[in-house]
Amino acid sequence: MKHSDILKNALLMGAITFAGSSQAQDRETGMFAPLPSSTVGPMVDQAKGFLVEDLGDGLYWLTEGIYQVMFLTTGEGVIVVDAPPSIGQNIINAIASVTDEPITHVIYSHSHNDHIGGAGIFPAGVTIIAQDLTTEHLKNKNDPNRPIPTQSFAESMTLKVGSQTLQLDYRGVNHSAGNIFIYAPAQKTLMLVDVIFPGWTPFPELALAQSVDGFLEAHNQILAYDFDHFIGGHINRMGTRQDIETQQEYFGDIVQAAGKANGAMDFGAAFGEAAERGGHNNTWAFVKILFDAVTQQCADEVEAKWIDRLGAVDVFTFDHCWTISEHQRID
Ligand SMILES: [Zn+2]
C-alpha cells in the first residue's frame with residue numbers, strides 16, 4: 001500500500017481529525033518546513049502493508065506506519081494490545097507471521113474507535129480487558145466493532161498468561177478517561193496511547209486531551225517506569241526515555257510562551273482591529289483577534305526554537321498554544 005493510501009484509509013476510519021484553527025506553515029509561502037531526523041522510522045514494506053519488530057522475549061511491535069499495536073506470545077496464547085481498524089486484518093496476519101499460538105487475550109488501551117475499532121476481527125471467546133471507565137463507555141456505545149470487555153479493573157491489574165506478565169495501571173484522565181499504562185516488565189517496554197508522539201509534535205490540541213493537566217502530568221508518570229522501549233500508538237516509530245523528555249521540554253516551552261503572551265495581551269490593538277474590520281460592537285470578533293494574537297505569539301516563539309528538533313511543529317504548535325493559553329485563562 002502507498003503511504004497516501006494508508007493515510008486515506010486512516011482518515012476514512014475517522015482516525016485523523018484536524019482542528020480548524022491552525023495557522024500552519026510559513027505564512028508567506030504556505031510551504032511546510034522540512035522534517036528533522038527525529039521523524040525517521042523503520043521502513044514499512046508497502047506491498048505487505050505492515051511491519052513487525054521483535055522486541056525480544058515474545059514481545060512484538062506492529063505498525064502500518066501511522067498506528068501501532070503491541071502483542072505478546074506467552075506459550076499459552078497471544079495477548080494483543082489494541083486493534084486499529086487501519087491495520088485491521090493485518091493484525092491477524094502479522095501475529096500469524098511470527099507464532100502459531102492463538103489469540104486468547106485482548107487489551108484496550110482506551111475506548112477510541114481509531115485504536116480499537118478493529119476488535120471485531122478477534123475470535124469469539126477471547127478475554128477482553130479494559131479499565132472500568134472504558135468498559136462503562138463501551139457498554140453505552142454498544143458498538144459491534146468494539147466488543148464490550150469481559151474483564152475490567154479500576155486502578156491496577158497484573159495479567160499473567162503462560163510465561164508472561166503485563167502490568168496494567170490507570171493513573172487518571174489524560175488523553176481520555178480510562179486510558180491505561182500497559183507495562184511489560186521483563187521486556188522493559190511501556191505502552192501508553194495518544195500522549196507521546198516520538199519525534200513529532202502531537203496531534204492538535206495536545207492530541208485532543210480530555211485533561212490538559214493530566215496530559216502534562218502523564219510525562220512524569222511515564223518516566224517513573226523503568227523502560228527501554230516506549231509504544232505511543234501513533235506515527236512511524238517507537239520511542240525511548242529521551243523522546244518523553246524531549247516532548248516534556250517542548251510542552252514546558254509552550255506553557256512558558258503561552259503564559260508570557262497571555263500576560264502581554266494588547267486590548268487596544270484588538271479592539272482597534274475589530275472596529276476596522278466592521279466588528280465595532282462584535283464581542284466575539286474582538287475576543288478572537290485578541291486570543292489569536294496570544295496564540296500566534298506563543299507559536300512563533302516555540303516554532304523558532306523547535307523546528308529542527310521535532311517533526312511538524314510548524315503544523316500543530318499553534319493548536320497546542322491555543323489549548324494551553326486558553327487553559328491558563330480559564331483554569
Ligand atoms: Zn484516542
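Visitor: What percentage of the 331 residues in the chain is buried?
Guide: Keep in mind that we're looking at a predicted model. Here a residue is called buried if 20 or more other C-beta atoms lie within 10 Å of its own. Of the 331 residues in the chain, the buried ones make up 45%.

Visitor: Why does the radius of gyration of the chain agree with a compact globule?
Guide: The C-alpha atoms fill a box of roughly 70 × 40 × 35 Å along the principal axes. For 331 residues, a compact globule would have a radius of gyration near 20 Å. The chain agrees with that because its own value is 21 Å.

Visitor: How far apart are the centres of domain 1 and domain 2?
Guide: The domain assignment gives domain 1 as 3-28 + 31-249 and domain 2 as 253-330. Taken over C-alpha atoms, their centres are separated by 32 Å.

Visitor: And which element gives the most to the side of domain 1 that touches domain 2?
Guide: The contact takes 22 residues from domain 1 and 21 residues from domain 2. On the domain 1 side, the elements giving two or more residues are H5 and H7. The one that gives the most, with three residues, is H5.

Visitor: How do the residues on that side of domain 1 divide into nonpolar, polar and charged?
Guide: We're still on the side of domain 1 that touches domain 2. Its residues divide into 11 nonpolar, nine polar and two charged.

Visitor: Is Val69 buried or exposed?
Guide: Val69 sits in strand E3, residues 68-73. Leaving out neighbours within four places in sequence, its contacts include Leu62, Val80 and Ile91. The cut-off is 20 or more other C-beta atoms within 10 Å. Val69 has 27 C-beta neighbours inside that distance, so it counts as buried.

Visitor: What distance separates the C-alpha atoms of Val69 and Gly233?
Guide: Along the chain, Val69 and Gly233 are 164 residues apart.

Visitor: Which helices do the buried residues of H9 pack against?
Guide: H9 covers residues 283-306 and reaches 34 Å from its first C-alpha to its last, close to the 34 Å expected. Its buried residues include Ile289, Cys298 and Trp306. They pack against H7, H8 (267-276) and H10 (313-330).

Visitor: What covers the buried residues of H6?
Guide: Helix H6 spans residues 212-223, and its buried residues are Gly214, Phe215, Leu216, Ala218 and Ile222. What covers them includes strand E11 (189-191), helix H5 (204-208) and H7.

Technical notes:
Residues numbered from 1 in each chain as written. Predicted model: local features only at pLDDT ≥ 70, side-chain atom pairs only at ≥ 80, totals over all residues. Buried ≥ 20, exposed ≤ 12 C-beta atoms within 10 Å, placed from the backbone. Helix = DSSP H or I, 4+ residues; strand = E, 2+ residues; numbered from the N terminus. Contact = placed C-beta atoms within 7 Å. Domains from an automatic or database assignment. Nonpolar A, V, L, I, M, F, W, Y, C, P; charged D, E, K, R; others polar. Rg over C-alpha atoms; globule rule 2.2 N^0.38 Å. Expected span 1.5 Å × (residues − 1).
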